[in-house]
Amino acid sequence: MKETQRRETLAKGLNDHRAGRISRRTLLKLLAAGGLAGAGATLWRNRSLSSRAPFLAPIDEPGPNSAMIPGTDAHAFLRGISKGFSGKKIRIVTEDTPPSQATRQLIQKEFTPLTGIEVDWELLPLDQVLAKVLSDTTRHAGAFDLFYLDQAWIGEFCEACESPTDWLKKPDLAYPGYRFDDILEPLIQNISTYENKLCSIPYDIPIIITMYRRDIFDQLGLRPPTTLDEWLSTCQTVTKKMAPQVFGSTAQWRAGHYALHCNMTTWLWAHGGSVFGRNGNPTINDDRAHEAMEYMLKLSETMPPGVTNWDWHEESRSFARGQAAIYASWGEFFPAYDDPKTSDVVGLAETARAPIEKALRPPSECSFGETPGICHQGGSSLAISRLSQNKDAAWVFLQWATSADVTVRASIMGGGASLIRKSTYHDPRIKSRERVGPGTTRHLPVTLDAILNRMGTEPHFPGWEKLATQSFSVELGRMITRQQSVEKTLTHMARAAEQAVSS
Amino acid sequence: MNPKNKKKGQLYTLIHSIKTQLVVAMLLATLLPLAIATLLSSQTIGDEVLATGRLALTSAAQQTAQGLDAFVEMGLYHGTASAALPEIVHYFSEPETADIQALREILKSIQKQNPVFIRHTTLFTPAGDLLVSSSSEGMNIDHICLPETLVNTLETGQSQLTSVHLDDDQAFLCFYSPVLKNGEPIGIVRISYSAAILQQLITRYTGLLDAASFPILIDDTQRQIANGVLPHGNLKQLYIQHNDPAKTSKPALLSASAPMKTMPWTVIFFQSEEVLLAPVRQQQMQSLFLGGGLALVAILASFWLAKRLTKPIQELTKTAQQATQEMRLLPFHIQSKNEVGTLARSFNRLFEVLSTQQKELSESEENLRITLNSIGDCVITTDTEGLITGMNPAAEALVEQPLSETKGQPLSEILPLFDSKTKEPIHDITQEVLTSGITLNLPPKASLILPDNREKFIADSAAPIRNPEGKITGCVLALRDITEKQQLEVRLAQSQKMDALGQMAGGIAHDFNNMLTPILGASQLLEKEEISLEDRKKFAKMISTAGHRAAGLTQQMLTFSRKAPSSMDVIDLRDIIDESRAMLQHAIGSNISIRTQRPLHPMMTLGDTSQIQNIFFNLALNARDAMPQHGTLSFQIKRIHLNAEHCRLHSHEIEPGPYVEVQVSDTGEGIDPENLTKIFDPFFTTKDAGKGTGLGLASVYGVMKKHNGMVSVYSEKGRGTVFHLYFPETQKTKNEIPDTPPEKPKGSPKILLIDDDETVRSVTTALLENLGYKVLCAKSGTEGIDLYKIHQQEIDLIMLDLVMPEMNGEETFSNLRKIDPDATVLIISGFDAEESVAGLIEAGAAGFLQKPFQLNPLAKALQRALSA
C-alpha cells in the first residue's frame, strides 16, 4: 500500500467512524492495516477533560508582561506584526480540551485584535484531530497551518512539520520574552522530539501523579507511602478497615483498554522493568515484570470489584465519589476533586510525590526511546504544517499560544491544566490558586516534580500502539480478570512484542 | 451530723432545688416530645426506606438482568452474524476450495469483537466434529462441546448459549450459531467466552445503589456463576465455593431478584439493610445530637434560668444568713424585676419598717438602759425563782456588789430587808408578787442592813414581769435608798419649822409677855404680906393659869419643831386644827382671819401630828402669800367616802374607802391654771427669789402620800384656792390616860435631882417634896455623880436633865450606869430631844418627862419609873 493511499484510507476510515458509518472494530482493522496502530490507540486516549463539562474560570488574569497590557514588549510586538500580517488567517485543529478552549477565547480577546490575524481554531475529539491531520498530510492539502500532535504521533508526523529550530532563529518574528529554554526539557525531549529532531512545541502534559485522601490517612494514622511496599500495605490497611465503603485504591483497569496498559507501565517501570531492553529485545517477561504483575494482582485485591471495567474517567469518578484512599493517575483530574460540582471529597484530596521505584532501568538499557519512570506521561504538542501558506503568522501565533503569559492564563481559565514552562509553575497567579477550590493548582508542584524527575515515556516505533492496545491491553485484561496467569500473560506479551518489533 | 446524713441532706437539697427541678422540667419538656417524635418518625421512615430500598433493589436487579440479557442478545446476534459470513458459508459449502488460513483469520477477527473475553471461535460439522478453530493453542476444545446444545441449535436453526461449564481451571460459556445454506444447517460456529465475562459484566453493577450493594448471578441449578462483591479470582473456585447463594446472603442483607429473559438465570441484588437504613440511623443520630444539643441547651437554659431565678433567692438567703450572723437587718440588693425582686423589695420595705422600729426599740432600750443606769432608783429583776437576773448601777451601788457577782443569786440573800423599827426580817415580797401577779409596795419602814451593819432605808415597790402572752416571767423591784432623803426631809421640815418659828417669834413673845404679865404681877402681889389668903390663892391661880398657857404654847412649839420622825398615832384631826390655830395665826399675821369648824364627831386618822401640823403650816404660809392685804383662811373638816371613780380620777393615788377630808381654803388671788399641775413639783415656786424654796407644797404632797392619803387643789383666779386633804379614816381610838390625882409614894423615896437650872431645881424640889419624896439636888452632872457615889444606897431614883453645860445628861447617865448599872434614871428635858431620849431609854433609862411638868405628870412619871 502506498503511503498516500494508506493515509487516505486511514483518514476516510476515521471520518466514517466519526460519522457512524463504520464500527470501531472496522476502523481498528483499517488502522491496523494502515500501519497506524499507534494512532488507533489514542482513540481511547482522550483522557483529557473533553468527556466532561470543562471548568473555565470566568476571569482572565493577564500578567505584567502580557500582550493585553499596552506598553509591554509583547503588546508592541503583536501590534507591530499587524503591519505585515493583518488580514491573514491561520487554521489550527486541536483536541477539545479546557486549555484549548481558554486559549481560543484569548485569541478573540487579544491576539486577533492586536495582530489582525484571524485564527480559525477547530476544537475536536482526539480521533477527529487525528483524522484531520492524517487527511491533511496525506492529501497535502495544507488546510491547517498548525497541528495538534499526541506524543505517540510524533514519529508519524514529524516529517510533515516545520521544525521550530529554524523558526526560533528568526529575530524579526521572535516573540518578546518567549524564552524557549524556559520550556521544560523533558517535555521537549519526550513529546516534541523524534530521532533527535525538534518537531513541535510542547503544548500540554498529562502525567500520572499520586493522589490520596488526607482525611482517611489522618483517620487511620497513615502517611503517604514512599515505597511500593508501603503503597501496597497502605492500600491493604484501608481496604481491611473501610471496605466496601472505601477501598485502598482504584485504577484505570478496564480490561483490554489502553488505560490498563498505561497503569501497567507505571508498576512495570517502578519495579525496574521495561517493555524493551537493549537492541529492541522484549524484557516484558523478565523477573522484574513478573514482580510488577504480581504486585498489580495484589493491588487488585484492594480495589473495588468493578475496577476491571473502568478507564481513567471511571477511575477518577470513583475517587471523586470517595471510593478509594490513594491512587496513581493523570494529574489533570486533580482540580476536579476540589470542585463541589464533580466531587464528594472537596478539600480532602492531596497530592504526593510518587513512591520511590524499587529499581529503575536506565533509558540506555531500553529501546525505542522508552524512558522508565513511575510517572507515565501522555503529553501533546503543536507543530507548523510544512504545507502551511502562513508559516510566519502561524509561528507568531504558536509563540503567543505557548508563551508564559498565555499558558498561565489558559491553565487558570482551563481549571488548573498542567504547564509546560518552568517559570509558569512559580507564577504568582498560579501560586495564588494553590488552595482548595475549583481550578486549584495545588497539584502543580508535584506535577512539576514528576515531569522533571520521575517521568516515564513509552517506546516510540510504528508498531507500538498496536502492541500496546491490541495485545498488551488484552493480555493484561485477561490477567486481571483471572483468565490467565501472570506467566502466560507475560509470555504472550513478550511474544507479541517480539512480533511487533520484527514486523 | 455525721457525713452520711450530711450527704443525704445535700442530696435531698439538690433534688429539691429549683435548679434541679428546672433542669428536669426542661429536659422533659424538650426531650420527651423529641424522643417520641423521633421514635415514631424513625419507625415510619425506616419502614418507608426499607420499602423504597426493596423497590430500588428490584430495579437494580432488573437493570443488571437487562444488561446481561443485552450481552447475551449481542452474543447471539454476533454468533448469527458470524455464521452468515460468506467465507464461513463458503467453507461449509465447498470445503475443498476454502482457504483455511484466511478462514482462521476471519475467526480471529470475530474474536476481536471482545478480545479479552472471547477465547475461541470454532467451526463444527453438524455432527459435532471440530473443523477449524481460531486458537492455535493445543487445548482440548472438544471437551467444551455440549452435544445437547449442538442438537438444539441444529433443530431450531437459532443461535444458542450454553450454561457455564468448567474445563480444567477455566470456565466458559459458548454461543452456538448454525451455518445455514438454503435454510438448512450445514455447520456450527461456536464463540467461546471466558465465563469471567459474567463477573466482568456483573461487577459493573456493583455499587449501583450504594458502595456496599452488589449483585450475584445464579443459574437454573441455583449455582452462583457471578458475584459482584468479589474481585476476579479463580472462577472454578468461585463456582464451587459459592454454589449456595444463601451463604452469601447474610441476614442483614436485603435482596431482590430478577430473572433474565435470555437465559434461565437469575440476578439477585443485595444491599446491606444497615447501609440502607444508614440515613435513618443518621437521622436518628442527628435527632440524638439534636436532642443532645437541645438537652444541653435546655440544661444550659435551665441552669441559666435557675441561676437567674435562684441567684436573687441565694442572695436573699445569703443576706438573711449574714443578717442572722450579724444580728441586724440588712437590705436585699436584688435588681430583679420578677417576683423575687418584688419579694425582696417588699422585704426591704418591711425591713425599713422593722429597722425603724428596731432603731426606735434600740433607742428605747438604750434610753431605758441609760435611764436605768442613770436613775438613782435601784432596779432589780429576778426570774420566777427569785434569782437575780439584772441590776442597774444604782442597785449595784445599793447592795454594794456588781451584777456579775449577784446574778443568779437569790434576791433575799443579796437584799435582806428588815423592818427598820423592829429589825425583824421582812418577808420576800418577790415571791408574793410572782405568786399573786400584783404590784406590791414595800412596807414603809423597810431597811437594808449592809454587811458592815450600816442601815439603809428602802422604799418603793415590786411588780411582776409579764411576757407578751401575759405569763409572769419574773419580777422587777424598783427600790429607792431613802436614807438620805429621809434625813433631808427631816432637815427640810425642821428648817421650815425654824423659819416658821422665826416668823412666829414676835407673836409668841407677845403671848409670853401676856402670860408673864399676870405671873410677874401676881408673884409680886404674893410677896406682899398684907394679901389675904383668898387673894393669895387667886394670884396663885392666875400664875398657874398663865403658866399652863405658856406650857401649852411651848408644847406646841416643841411639837412643831420636833426633828425626829414621829410615830403614826391615832389622832383626831379636829384637835390638830384647834391646837395649830394659835400658832398659825401667829405665822400668817393678824390681818388674815382663821376660820375653823369643829364637827361634833371625831375625825380620826393614823398620822403624825407634827407632820400634819407642818402641812397646815405650809398651806397657811401659801395662803398668807396669796392674801398679802387681808383675807380669810378657812379649815373645814368632814368625813367622806371615796369611791372607785373618784380614785380613778386621781390616777389611783389612793384606794377607795372612808377618808377624813380637810379643806384648807383661802380668799386669795388664786393660782394660774398653767401652774396648777406644777405646784406640787419640788422646787417649783412663783415667789420672788429668796422668798420661797419651792419645797413647801412638795412636802405637803409627800406627807400626804406617807399617810396613804392624797392632796388635790382647786383654784379660781381672783377668787381663791382650796386644798383638799384626804386622810384615811381609822376606826381606832386615841389612848388617853385619865387625869387622876397622883398617889403618894410608899415610904419616902429619895430622889437625886441633877439640873443646872436653879429655878427648875427649886420648883421641882418643892413639887417632889410636895409629893412626898426626899430630894438631893446637884447643879451639874459632876456634882450629881459625886452625890450619887455618896448616897448611892439611899437614892431610889435620879432625875437627870439632858441639856447641861460641861457634862451633859448623856455623859452623866453613862457614868451613873458605870457606878450602878441598875440605877433608875428619869430623863427630863425642855427639848424634845427624842433621838437622845430614845437612845438613853434603850440604854436603860427608866423614862422621860418633858419640861415643864406639873404635879400630876411628874407623879405619874415617877411612879412608872420606880415601878419599872
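**Figure 1. Helix 11 of chain A.** Helix 11 (residues 228–242) of chain A has 15 residues and spans 21 Å from its first C-alpha to its last, close to the 21 Å expected at 1.5 Å a residue. The expected span is 1.5 Å times one less than the number of residues, and helices (H or I, at least four residues) and strands (E, at least two) are DSSP runs numbered from the N terminus. The model is predicted: local features need pLDDT of at least 70, side-chain atom pairs count only at pLDDT 80 or more, and totals for chains, interfaces and linings use all residues. Residues are numbered from 1 along each chain as its sequence is written, chains are lettered from A and ligands numbered from 1 in the order in which they are written, and side-chain values use heavy atoms, with hydrogens and water left out.

Figure 2. Buried means under 20% relative accessible area, exposed over 50%, and partly exposed in between (1.4 Å probe, protein chains only).

Figure 3. The side chains of A:Arg409 and A:Glu110 form a salt bridge at 2.6 Å, N to O. A salt bridge is a side-chain nitrogen of Lys or Arg within 4 Å of a carboxyl oxygen of Asp or Glu. Over all chains, the structure holds 36 salt bridges.

**Figure 4. The salt bridge of A:Arg442 and A:Asp338****.** These two side chains meet at 2.9 Å, N to O. A:Arg442 is in the loop between helix 18 (428–431) and helix 19 (444–454) of chain A, while A:Asp338 is in the loop between helix 15 (334–337) and strand 11 (349–352) of chain A, 104 residues apart. A:Arg442 counts as buried at 15% relative accessibility, and A:Asp338 is buried at 0%. Elsewhere, salt bridges that share partners join A:Glu110, A:Asp405, A:Arg409, A:Asp427 and A:Arg429 into one network.

**Figure 5. Strand 5 of chain B and its partners.** Ten of the twelve residues of strand 5 (residues 170–181) of chain B are buried. Strand 5 of chain B pairs with strand 3 (residues 160–161) of chain B in the antiparallel sense over two bridges, and with strand 6 (residues 184–194) of chain B in the antiparallel sense over ten bridges. Two strands pair if DSSP finds at least two bridges between them. B:Tyr176 in strand 5 is the bridge partner of B:Gln160 and stands opposite B:Arg190 in strand 6 of chain B. Strands 5 and 6 of chain B form a hairpin with two residues between them, and B:Asn182 in the turn has a positive phi of about 55 degrees.
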